[in-house]
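Subject: Handover of a structure and notes on its contents

Dear colleague,

Please find below the structure that I am handing over to you. My notes on it follow directly after the display.

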Amino acid sequence: MKRSTTAVVAAVIAVVAALLVLWPRGVEARPHLAESAQLRFELTPASTRSGSNSFDLRITDRSGNAADGDVTVEPAMPQMGHALAPITAAPRAPGRYEVAGVDLFMAGQWEITLSLRGERVVIPLLLT
């Protein structure tokens, strides 16, 4: 009886340890940078988990001056054949934009295409 109790406790500890090590974690939400010929785009997601998400955008010219205009955001997951309708980012301050309520419904590699004044960049975003 003592031996089977010890085995059960050891098995439970092993399962808990495996879950702690293997459980999917979100990648830290950090700024993602991309540059076009004339502009520098910085996208910071609120989260790196699938589901509803929002992005903060900072866009400057190569000299660091705020870039203004209509910013289009196009999320896509080409490997799975998914693409969302283009979204117009809301301006918050010179060179600063926000996109809220973007439903990135599946974990995996997404591509976020950002466009301003004919300049386009694609920023990869891995979601868990």
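The model is predicted: local features need pLDDT of at least 70, side-chain atom pairs count only at pLDDT 80 or more, and totals for chains, interfaces and linings use all residues. Residues are numbered from 1 along each chain as its sequence is written, and side-chain values use heavy atoms, with hydrogens and water left out.

Overall make-up

The protein has 1 helix and 10 strands; helices (H or I, at least four residues) and strands (E, at least two) are DSSP runs, numbered from the N terminus. Of the 128 residues, 30% are buried, where buried means under 20% relative accessible area, exposed over 50%, and partly exposed in between (1.4 Å probe, protein chains only). The protein exposes about 7800 Å², of which carbon and sulfur atoms supply 58%; accessible areas come from the Shrake-Rupley method with a 1.4 Å probe, and for residues only the protein chains shown count as cover. Among contacts with a separation of 6 or more, 52% are between residues 24 or more positions apart; contact means heavy atoms within 4.5 Å.

The open sheet

An open sheet is formed by 5 strands in the order S1-S2-S3-S8-S7, with antiparallel pairing; two strands pair if DSSP finds at least two bridges between them. Strand S1 (32-35) and strand S7 (90-93) each have a single partner strand, so one side of each is left without a neighbour in the sheet. On average, neighbouring strands are turned by 30° against each other, direction ignored; axes are lines fitted to C-alpha atoms, for helices over the stretch in contact, and angles run from 0 to 180 degrees between N-to-C directions.

S1 and S2 form a hairpin with 3 residues between them, and 4 bridges join these antiparallel strands. Across this pair, Leu-33 stands opposite Glu-42 and Ala-34 stands opposite Phe-41. A second hairpin, through 5 residues, joins S2 to S3; these two strands pair in the antiparallel sense over 7 bridges. Phe-41 has Ile-59 as its bridge partner in S3. S2 is mostly covered, with 5 of its 7 residues buried.

Beyond its neighbours within four places in sequence, Val-71 is in contact with residues including Leu-57, Ile-59, Tyr-97 and Ser-115.

Ser-115

Ser-115 is found in strand S9 and counts as buried because its relative accessibility is 12%. A polar contact of 3.2 Å joins its side chain to that of Arg-120; a polar contact is a pair of N or O atoms within 3.5 Å, and within protein one must be able to donate a hydrogen and the other to accept it, with residues adjacent in sequence counting only if both atoms are side-chain atoms. Leaving aside neighbours within four places in sequence, Ser-115 is in contact with Asp-70, Val-71, Thr-72, Glu-74 and Arg-120.

With kind regards
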